[in-house]
Amino acid sequence: MDQTALPMDFEEPRVPHRLPGKGFREPAPPFRFTTMDSPVGELTLFGDATALSGVWTRSKRDDEPRPIPEGWTEDPSPFAEAERQLTAYFAGELREFDLELAPVGTAWQRRVWTALTTIPYGETVSYGRLAQELGRPTASRAVGMANGRNPISIIVPCHRVIGADGTLTGYAGGLDRKRFLLALES
């Protein structure tokens, strides 16, 4: 089913787990950013003064950093807690993030991203299963498209979504990073 053909109601996802932090909210410009080293390469964290809007990995094609949009200010101070939690996650000391998140996306994308936050650490779910849990059993492609546009990688765990047959399928950061993250959590 085409994503544009989906009814865009605002009902909550039918999933049993709680949301991390305070849930999603709209970011308040201007955007700030910082970078940090990690086992999956350099990460770019961005958001406003109080909430995280994105965690980017380097390009899977050429391992280059993504270009920083004009008008963004380099300022690590709003991201100290996100950096601390990411460092603990990579050290195997943190299984659930607790951060204020402000991803930018459509109502459908935010609904899928909310559902991603309910996939427990160390577990995976298929695109079809996630579509069923969202009450849209024929929308696995639309779930995949929204999953692929998740701006807050790792923290909103899009790496935990796999193909129906258990194979690793697309990951914006590249399948090597997805394998690493899943192995870290196993």
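Is Y121 buried or exposed? In this predicted model, Y121 counts as buried, because its relative accessibility is 14%, and buried means under 20%.

## Aromatic pairs

The count of aromatic pairs comes to eight. One of them joins F31 and W72: the ring centres are 5.2 Å apart and the planes meet at 40 degrees, so the pair is tilted. F31 belongs to the segment before strand 1, and W72 to the loop between strand 3 and strand 4 (73-74), so this pair ties together parts that are 41 residues apart in sequence. F31 counts as buried at 19% relative accessibility, and W72 counts as buried at 19%.

Another pair is formed by Y89 and Y121, with ring centres 6.3 Å apart and planes at 85 degrees, so the arrangement is edge-to-face. This pair links distant parts of the chain, since Y89 is in helix 1 and Y121 is in the loop between helix 2 and strand 5 (125-126), 32 residues apart. Y89 is buried, with a relative accessible area of 0%.

The buried residues of helix 1 are A82, Q85, L86, A88, Y89 and F90. Elements that cover them include strand 1 (32-36), strand 2 (43-47), strand 3 (52-56) and helix 5 (175-185). Just after helix 1, G92 adopts a positive phi of about 80 degrees.

## The hairpin of strands 2 and 3

Strand 2 and strand 3 form a hairpin, with four residues between them. The two strands pair in the antiparallel sense over four bridges, and L45 stands opposite V55 in strand 3. Five of the five residues of strand 3 are buried, so this strand is largely enclosed by the rest of the structure.

## Two loop residues: V104 and N150

V104 lies in the loop between helix 1 (80-90) and helix 2 (107-116), whereas N150 lies in the loop between helix 4 (140-148) and strand 6 (161-162). The two residues are 46 residues apart in sequence, and their C-alpha atoms are 9.1 Å apart in space.

V104 counts as exposed, because its relative accessibility is 53%. N150 counts as buried, because its relative accessibility is 9%. Leaving aside residues up to four places away in sequence, N150 touches W113, L116, V156 and C158.

Methods. Residues numbered from 1 in each chain as written. Predicted model: local features only at pLDDT ≥ 70, side-chain atom pairs only at ≥ 80, totals over all residues. Heavy atoms only, no water. Buried < 20%, exposed > 50% of the residue type's maximum accessible area, 1.4 Å probe, protein only. Contact = heavy atoms within 4.5 Å. Pairing = 2+ DSSP bridges. Phe/Tyr/Trp six-rings, centres within 6.5 Å; stacked < 30°, edge-to-face > 60°.
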